[in-house]
Amino acid sequence: MTEQAEKPFLYVVVCAAGIAADVSKLITAAQERNWDVGVIATPVAMRGFFDTTAVETQTRRPIRSAWRSPGDPRPFPAPDAVAVAPATFNTINKWAAGIADTLALGTLCEAYGLGVPIAVLPCVADALAAHPAYRASLARLREMGVRFGDPYSGEPLQDGGRGEFAWERALDLLAPDAR
Ligand SMILES: Cc1cc2nc3c(=O)[nH]c(=O)nc-3n(C[C@H](O)[C@H](O)[C@H](O)COP(=O)(O)O)c2cc1C
């Protein structure tokens, strides 16, 4: 058995939010906590939201974004846990509604049935977060046992900064007793 195969496998689902440019921080932190990491990105996220070459080098695996062809082997092992970071308004709402029209969404919809822990770090502007559908989506996903980090809007603070995106919180939320 290789060293990689002995580690628990974490799916990091990356959506098309600007903060995705820093997703390597989450991958580094996960690897330091002994996770083997595979990245699944939405098709929009693949279009310039993060450095895909650097992430593939970091994880030593191809990023998955489209479904494999029938008959092709599964590129990733089954997940032991899933971290969605950053999570967009779009993906959160579609996931809660049970829509599976991207590989990322299909993976998230299925993860619930697999019973693995799922942690989400939303990155959603306040104006979007006010939409009633978003609040309903959060409530539905919470009922399903999905664990959420604090809201993050990415909007400038009073001091002009944007506040830290708490990447490592996603890993903390995957602990057995976390909520
Ligand atoms: C530069 C840029 C930054 C964006 N940042 C965010 C964001 O932080 N949060 C969000 O929900 N949508 C953001 N969007 C909009 C999403 O990219 C858009 O809703 C997209 O359809 C999301 O697709 P996905 O959920 O499949 O990744 C951004 C768009 C652009 C062009």
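So, α3 and α6 sit oblique to each other, where angles under 35 degrees count as roughly parallel, over 145 as roughly antiparallel, 65 to 115 as roughly perpendicular and the rest as oblique. This is a predicted model: local features need pLDDT of at least 70, side-chain atom pairs count only at pLDDT 80 or more, and totals for chains, interfaces and linings use all residues. Residues are numbered from 1 along each chain as its sequence is written. Helices are DSSP runs of H or I with at least four residues, strands are runs of E with at least two, and both are numbered from the N terminus.

Back to that pair. Helix α3 is residues 89–96, helix α6 is residues 132–143, and their axes come within 9 Å and cross at roughly 55°. Those axes are lines fitted to C-alpha atoms, for helices over the stretch in contact, with angles running from 0 to 180 degrees between N-to-C directions. The crossing of α3 and α6 is left-handed, meaning the near helix is turned anticlockwise from the far one by less than a right angle; clockwise would be right-handed.

Who's touching whom? On α3 the contact uses Phe 89, Ile 92, Asn 93, Trp 95 and Ala 96, and on α6 Ala 133, Tyr 134, Ser 137, Arg 140 and Leu 141. Contact here is C-beta atoms, placed from the backbone, within 7 Å. By class, that's seven nonpolar, two polar and one charged. For the classes, Ala, Val, Leu, Ile, Met, Phe, Trp, Tyr, Cys and Pro are nonpolar, Asp, Glu, Lys and Arg are charged, and the others, Gly among them, are polar.

Now α3 also packs on helix α4, residues 103–114, at an angle of about 45° with the axes 10 Å apart. So α3 and α4 are oblique to each other, and their crossing is right-handed. Thr 91, Lys 94 and Trp 95 of α3 meet Ala 104, Leu 105, Leu 108 and Cys 109 of α4. That contact splits into five nonpolar, one polar and one charged.

Next pair: how do α1 and α2 run relative to each other? They're roughly parallel: helix α1 (residues 23–32) and helix α2 (residues 52–59) have axes that come within 10 Å and cross at roughly 0°. Val 23, Ser 24 and Ile 27 of α1 face Ala 54, Val 55, Gln 58 and Thr 59 of α2. There we get four nonpolar, three polar and no charged residues.

On to the ligand. It's surrounded by 15 residues, and the closest are Ala 16, Ala 17, Thr 42, Thr 88 and Asn 90; the cut-off is a C-beta atom, placed from the backbone, within 6 Å. That shell has eight nonpolar, seven polar and no charged residues.

The peptide bond from Ala 85 to Pro 86 is cis, omega near -5°, and Pro 86 lies in strand β3, residues 81–87. Asn 34 has a positive phi, near 75°, and its place is in the loop between α1 and β2 (36–41).

Technical notes: Two residues are in contact if their C-beta atoms, placed from the backbone, lie within 7 Å.
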